[in-house]
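I opened the model today to look up a few things. My notes follow in the order I took them.

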Amino acid sequence: MKIKNINKDVKDPLELHVDDRGSIVDVFYKHNIEHVAVVTSEPNVLRGNHYHKNSTQHMLMTKGCLEYWYKPVNSDDPVKMVVANVGDIVTTLPNGIHALVIRQLGNQFIVFSEGARGGKEYESDTFRVDCIVPQDKLP
């Protein structure tokens, strides 16, 4: 799992262009993105509790925030959590179990996938697991 803010953590070869009209920031450059989806969540819901064996996903927060819970597959390590806010992009690498807790305001994010995730392949690289979010942290 990696998290960065697209407006603050701009590193070569990505660029941020700012002038009196506003800004343009690169999100990806020369990446093999095979699918893009916009996900809108109602308040107080749980998403995820799965992993992908081959796909990498990048979630760019566009509205609201979420709690991103994660741990490696087949690991006895405790689950960890980061909060993703607008402008943050969270990258889930293959074999990373992830669950998303959306709180009071709901949210929206764009998912960029490297690997099968869209259309009829939506579930082809998705492997469900028992809930990794502690019971007292569920919405």
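**Strand S10**

I began with strand S10, where Gly96, His98, Leu100 and Ile102 point one way, Ile97, Ala99 and Val101 point the other way, and all are buried. I take buried as under 20% relative accessible area, exposed as over 50%, and partly exposed as in between (1.4 Å probe, protein chains only). Strands here are DSSP runs of E, at least two residues long, numbered from the N terminus.

For the record, this is a predicted model, in which local features need pLDDT of at least 70, side-chain atom pairs count only at pLDDT 80 or more, and totals for chains, interfaces and linings use all residues. Residues are numbered from 1 along each chain as its sequence is written, and side-chain values use heavy atoms, with hydrogens and water left out.

Why is S10 largely enclosed by the rest of the structure? Seven of its seven residues are buried, so the strand is largely enclosed.

Next I looked up the partners of S10. Two strands count as paired if DSSP finds at least two bridges between them. Strand S5 (residues 45–51) runs antiparallel to S10, and five bridges join the two. In that pairing I found glycine 48 opposite alanine 99 of S10. S7 is also antiparallel to S10, with six bridges between them. Here glutamate 67 stands opposite valine 101 in S10.

**Isoleucine 102**

I then picked isoleucine 102, which is in strand S10. Its relative accessibility is 0%, so isoleucine 102 counts as buried. I listed its contacts (heavy atoms within 4.5 Å). Leaving aside neighbours within four places in sequence, isoleucine 102 is in contact with Ser41, Glu42, Pro43, Asn44, Val45, Arg47, Leu66, Asn107 and Pro139. I also checked glycine 64: it is 38 residues from isoleucine 102 in sequence, and the C-alpha atoms are 8.8 Å apart.

**Salt bridges**

How many salt bridges does the structure hold? I count three. The criterion is a side-chain nitrogen of Lys or Arg within 4 Å of a carboxyl oxygen of Asp or Glu.

One of them joins arginine 21 and aspartate 19 through their side chains, at 2.4 Å from N to O. Arginine 21 is exposed at 74% relative accessible area. Aspartate 19 has 35%, so it counts as partly exposed.

Glutamate 67 and arginine 103 form another, at 2.9 Å from N to O. Glutamate 67 lies in strand S7 (residues 66–72), and arginine 103 in the loop between strand S10 (96–102) and strand S11 (107–114), so this pair ties together parts that are 36 residues apart in sequence. Glutamate 67 is buried at 14% relative accessibility. Arginine 103 is partly exposed at 25%.

Glutamate 123 forms a salt bridge with arginine 128, with the closest N and O atoms 2.8 Å apart. Glutamate 123 is partly exposed, at 36%.

**Nonpolar cores**

In soluble globular proteins, nonpolar side chains tend to be buried together. I define a core as a set of buried Ala, Val, Leu, Ile, Met, Phe, Trp, Tyr and Cys residues joined through side-chain atoms within 4.5 Å.

The largest nonpolar core has 13 residues, of which Met59, Leu66, Tyr68, Leu100 and Phe109 touch the most other members. The elements giving two or more residues to this core are strand S6 (56–64), S7, strand S8 (80–84), S10 and S11. Which element gives the most to this core? It is S7, with three residues. Another core lies apart from this one, with eight residues, including Ile97, Ala99, Val101 and Ile132.

I followed up leucine 66. Outside four places in sequence, leucine 66 is in contact with Met61, Val82, Val83, Ala84, Leu100, Val101, Ile102, Asn107 and Phe109.

Threonine 92 is in strand S9 (residues 88–92). It is buried, with a relative accessible area of 3%. Not counting residues up to four places away in sequence, threonine 92 touches Ser55, Thr56, Gln57, Tyr68 and His98. Methionine 1 is 91 residues from threonine 92 in sequence, yet the two are 5.0 Å apart in space, C-alpha to C-alpha.

Beyond four places in sequence, serine 113 touches Asn32, Ile33, Glu34, His35, Thr56 and Gln57.

Conventions:
Helix = DSSP H or I, 4+ residues; strand = E, 2+ residues; numbered from the N terminus.
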